[in-house]
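The sequence and structure come first.

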Amino acid sequence: MNNRKRSVVPAGILALSVLMIGIGIANKEHLEVMQKAVMVCLECIGIG
């Protein structure tokens, strides 16, 4: 029983992670992250 419980917890965390990533992609959050990353990069080299 204890061994099964140990395998259920990581599977649940993995499923929740995949769900959250899917929600983020559906809301196009990856585009916002990329835009912010570009702005930080441009500020670092003094262009932005």
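L16, L19, M20 and I23 make up a nonpolar surface patch whose accessible area is about 390 Å² together. A patch here consists of residues with over 30% relative accessible area and no salt bridge, like charges being joined within 9 Å and nonpolar side chains (Val, Leu, Ile, Met, Phe, Trp, Tyr) within 5 Å. The model is predicted: local features need pLDDT of at least 70 and side-chain atom pairs count only at pLDDT 80 or more, while totals for chains, interfaces and linings use all residues. Residues are numbered from 1 along each chain as its sequence is written, and side-chain values use heavy atoms, with hydrogens and water left out.

**Patch and exposure**
- I23, one of the patch residues, lies in helix α1, residues 2-26.
- With a relative accessible area of 42%, I23 is partly exposed.
- Buried stands for under 20% relative accessible area, exposed for over 50%, and partly exposed for values in between (1.4 Å probe, protein chains only).

**Overall form**
- The protein chain has two helices and zero strands; helices (H or I, at least four residues) and strands (E, at least two) are DSSP runs, numbered from the N terminus.
- Its C-alpha trace spans about 60 × 20 × 5 Å along the principal axes.
- Of the 48 residues in the protein chain, 2% are buried.
- The protein chain exposes about 4600 Å², with 69% of that supplied by carbon and sulfur atoms; accessible areas come from the Shrake-Rupley method with a 1.4 Å probe, and for residues only the protein chains shown count as cover.

**Salt bridge**
- The whole structure holds one salt bridge, defined as a side-chain nitrogen of Lys or Arg within 4 Å of a carboxyl oxygen of Asp or Glu.
- E32 forms a salt bridge with K36, and their closest N and O atoms are 3.7 Å apart.
- E32 and K36 are separated by about one helical turn, because they are four residues apart in helix α2, residues 29-44.
- E32 is partly exposed at 41% relative accessibility, whereas K36 is exposed at 52%.

**Cysteines**
- Zero disulfides are found in a search of the whole structure; the criterion is a pair of cysteine sulfur atoms within 2.5 Å.
- C41 is in no disulfide, and the nearest cysteine sulfur, that of C44, is 6.6 Å away.
- For C44, the closest cysteine sulfur is in C41, and the distance of 6.6 Å is too far for a bond.
- C41 is partly exposed at 47% relative accessibility, and C44 is exposed at 69%.
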